Amino acid sequence: MRKKIIAGNWKMNLNYAEALSLVDTIVDQMEDDGLAEVVLAPPFIYLRDIVSRVQGSTRLSIAAQNCSQFKNGAHTGEVSSSMLSSVGVECVIVGHSERRAEQNESNEILKLKIDRILEQFLIPVFCCGETAEERKNGSHSEIINRQLEQSLFHLNEAQLLSCVIAYEPVWAIGTGKNASIDQIQEMHSLIRKQINHHYKNNIGENISIIYGGSVSVSNAEEIFSAPDVDGALIGGASLKAADFTLILKMMEKMLSSRMV
Ligand code: PEP
C-alpha cells in the first residue's frame, strides 16, 4: 500500500513560542498507532528545536519548506540540503507555488533542488499545479506534465520512488476554494499515468500523491475518498492543532475502513 501522508506547511507564520506550542499539542493529540504518516514544515529558524521536540515519534517527521539548489558556498541567506540533514530534517517541500511565483523558481531550478535533496537521502515533497488562467484555457494537464518532465523525470526509478508528489492547483491554495473531487481524482490519475509512461514497472502506482489547496475539516473526508489521493498538504488548517489532528483522524478512519 502507498504511504498515506498528512503534511502541514506552516509557511511564514507563528512566533517561536507559538510554533513549539503547536507541535506539542499536535504530538499530544496524535495516537501512537495511527496508520498515516505526519509531516510538519515549520519555518527554517525553528527546525532544529522542533526536530528535538518530536524525537521518539515514529510517524512524525519534520520538513523544511525549501532548500538551496547549491551544495554550499557564497549564497547569502540560503540553506543547503546537507545543513537540513545535519539537524535531523527528513523531508523538504520543493516547488511550492508561492516560491515559484515570488522567487521565480523555474522547473530547471527545482530539478537542481531535487538533486540536492536526494543527495542527502531526504524526501522531496514535490509540488506541482496549474494557475487559474491555465485551468481556464484548458492547458492544466500540459502544465503538470511539463513540471514533472522538467523537474523530476531525469531521476532513476529508485530516486523517483523516494519522492512524494503534491498536486496543488494554485487557484485553490489559501483561497478557501478547493478543487472538486473529480478534478482532484483526474489530475492524480494523470500524474500516475505520466509516471508510468516514462518509467517501467508501473511505478506510478507506488508513489504517494497528496492533494493541497484549501483542505479543511469540512472537505477532507470527501477528498480522501478519491482512490488516487494519498493524503494532503495543508496550509491554513495546519496552524490549528484541532483542525489538523481532526483531518489526520479522518484519513486514519478511512484507512481502517479500507482494511476491514
Ligand atoms: C499550501 O500552502 O500548500 C496550501 C495548500 O495552503 P492552504 O491549505 O491554506 O490552501
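Ser 61 is buried, with a relative accessible area of 11%, where buried means under 20% relative accessible area, exposed over 50% and partly exposed in between, using a 1.4 Å probe and protein chains only. This is a predicted model, in which local features need pLDDT of at least 70, side-chain atom pairs count only at pLDDT 80 or more, and totals for chains, interfaces and linings use all residues. Residues are numbered from 1 along each chain as its sequence is written, and side-chain values use heavy atoms, with hydrogens and water left out.

- Ser 61 belongs to strand S3, residues 60-64; helices (H or I, at least four residues) and strands (E, at least two) are DSSP runs numbered from the N terminus.
- Not counting residues up to four places away in sequence, Ser 61 touches Val 38, Val 39, Leu 40, Glu 90 and Cys 91, contact being heavy atoms within 4.5 Å.
- Cys 67 sits in the loop between S3 and H3 and is buried, with a relative accessible area of 1%.
- With neighbours within four places in sequence left aside, the contacts of Cys 67 include Val 79, Leu 84 and Val 92, as well as Lys 113 and Ile 117.
- Cys 67 and Leu 160 are 93 residues apart along the chain, and their C-alpha atoms are separated by 18 Å.

**Helix H5**

- Helix H5 covers residues 107-119, and its 13 residues should span 18 Å at 1.5 Å a residue, which agrees with end C-alpha atoms 18 Å apart; the expected span is 1.5 Å times one less than the number of residues.
- Its buried residues are Asn 107, Leu 110, Lys 113, Ile 114, Arg 116, Ile 117 and Leu 118.
- These buried residues pack against several elements, among them helix H3 (81-86), strand S4 (91-94), strand S5 (123-128) and helix H7 (140-151).

**Ligand site**

- The ligand is surrounded by 14 residues, the closest being Lys 11, Glu 168, Gly 174, Ser 214 and Gly 235; a residue is near if one of its heavy atoms lies within 4 Å.
- By class, this shell has four nonpolar, eight polar and two charged residues; Ala, Val, Leu, Ile, Met, Phe, Trp, Tyr, Cys and Pro count as nonpolar, Asp, Glu, Lys and Arg as charged, and the others, Gly among them, as polar.
- A polar side-chain atom of Lys 11 is 2.6 Å from a ligand oxygen atom, and a polar side-chain atom of Glu 168 is 2.6 Å from an oxygen atom of the ligand.
- A polar backbone atom of Gly 235 lies 2.8 Å from a ligand oxygen atom.
- Taken alone the ligand exposes 290 Å², of which the protein buries 96%; accessible areas come from the Shrake-Rupley method with a 1.4 Å probe.

Terms used
Polar contact = N/O pair within 3.5 Å; in protein donor to acceptor, adjacent residues only side chain to side chain.
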